[in-house]
Amino acid sequence: MTLSAPTTPTACLALADGTLFYGTGFGATGQTEAELCFNTAMTGYQEIMTDPSYAGQVVTFTFPHIGNTGVNPEDDETGDPVASGMVVKWMPTMSSNWRAVEELSNWLASRGRIAIGGVDTRRLTRAIRQAGAPHVALAHDPDGNFDTDALVAAARGFAGLEGMDLAKDVTCAQSYRWNEMRWAWPDGYTPQTAPKHKVVAIDYGAKRNILRCLASAGCDVTVLPATATAEEVMAHNPDGIFLSNGPGDPAATGEYAVPMIREVLAQDLPVFGICLGHQMLALALGAKTIKMNHGHHGANHPVKDHDTGKVEITSMNHGFAVDAQSLPEGVVQTHTSLFDGSNCGIRVSGKPVYSVQYHPEASPGPQDSYYLFERFAAAMQERAA
């Protein structure tokens, strides 16, 4: 079945079931294979494309005005785009924003990321919701020459994210210090000059704004690679441990991350996890994770805090979830999604150990969830006292 085919298509998105979407290519030329997801956020396309949690995925944006604010270095969540490509309804227009320093198409092209515009993203999103996140091949050829049989075969040949450890691909190569705090008018990003708590952050694909939030909460942050051992973590004499977001199958990353986390938990330090870090903590505590049909990707997800009864508007990006039915005794479910009831947070009874599935640093509320960083700092302060 062929959908949305213009007269002279320069890009083609091929699904593993043989469905073809034609459109206009922009960004880099070439071909890539990945899992296809959709994101419902109305802003933040640059942050989404540079979020390491999107490794191995092509992102369909349901909001049509993608690219209209351009790009700028301050909004990168990591050095370069990590998502494999993007799918949009309308071709990006010339940017109109005082912060823009580059056009989206040029930015993608210089960083080797393929994009396709002119696609019926509502039709594509319905397909993803009904059949699950498909494997796809995305090709951009200015001459419009596509071997569609080969593209479909390439999509079918993509291994998929289940069983795939992608944290090793996006983690830092060596440890480093972080002191930059959250952006604030009129000074922008400023350094933390009087930190109170020493925190080791395990980088499974950490977003910069998470590290900024930790610094703003008074933390002196040292970032270690995903493969760091408990001995390497404790050598820094931390007051608390942070487990970052990241991509891939948590069970695969857990092969080396879970033993380290269990050893650290034995030290009775405050531990805080986000996204993949939430899933790593759950696995270390004895729970299980499951692959979701199409995941949660967006900036408008309502999550209920069971301790307070409040509902937070959150940003999410995950294709796997903690199985709430598998939580062991002593591990309490603290947050759930009001969209589908899936687990969005846990804590260990009687200990300053907790995690959430969503992204409090993305601030869609905008400040609904910042209390989690303050809670982490308070736990470290209490332990020190």
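Student: What is the handedness of the crossing of helix 8 and helix 9?

Tutor: The crossing of helix 8 and helix 9 is right-handed, meaning the near helix is turned clockwise from the far one by less than a right angle. Helices here are DSSP runs (H or I, at least four residues), strands are E runs of at least two, and both are numbered from the N terminus. This is a predicted model: local features need pLDDT of at least 70, side-chain atom pairs count only at pLDDT 80 or more, and totals for chains, interfaces and linings use all residues. Residues are numbered from 1 along each chain as its sequence is written, and side-chain values use heavy atoms, without hydrogens and water.

Student: At roughly what angle do the axes of helix 8 and helix 9 cross?

Tutor: Roughly 65 degrees, and the axes come within 8 Å. Axes are lines fitted to C-alpha atoms, for helices over the stretch in contact, with angles from 0 to 180 degrees between N-to-C directions. That makes the two helices roughly perpendicular (65 to 115 degrees; under 35 is roughly parallel, over 145 roughly antiparallel, the rest oblique).

Student: New topic. How many residues of helix 6 are buried?

Tutor: In helix 6 (residues 208–216), 7 of 9 are buried, that is, under 20% relative accessible area with a 1.4 Å probe, protein chains only (exposed is over 50%, partly exposed in between). Among them are Asn209 and Arg212.

Student: What covers them?

Tutor: The cover includes strand 10, strand 12 and helix 10 (371–384).

Student: And which residue follows helix 6 with a positive phi?

Tutor: Gly218, with phi near 95 degrees.

Note on methods: Contact = heavy atoms within 4.5 Å.
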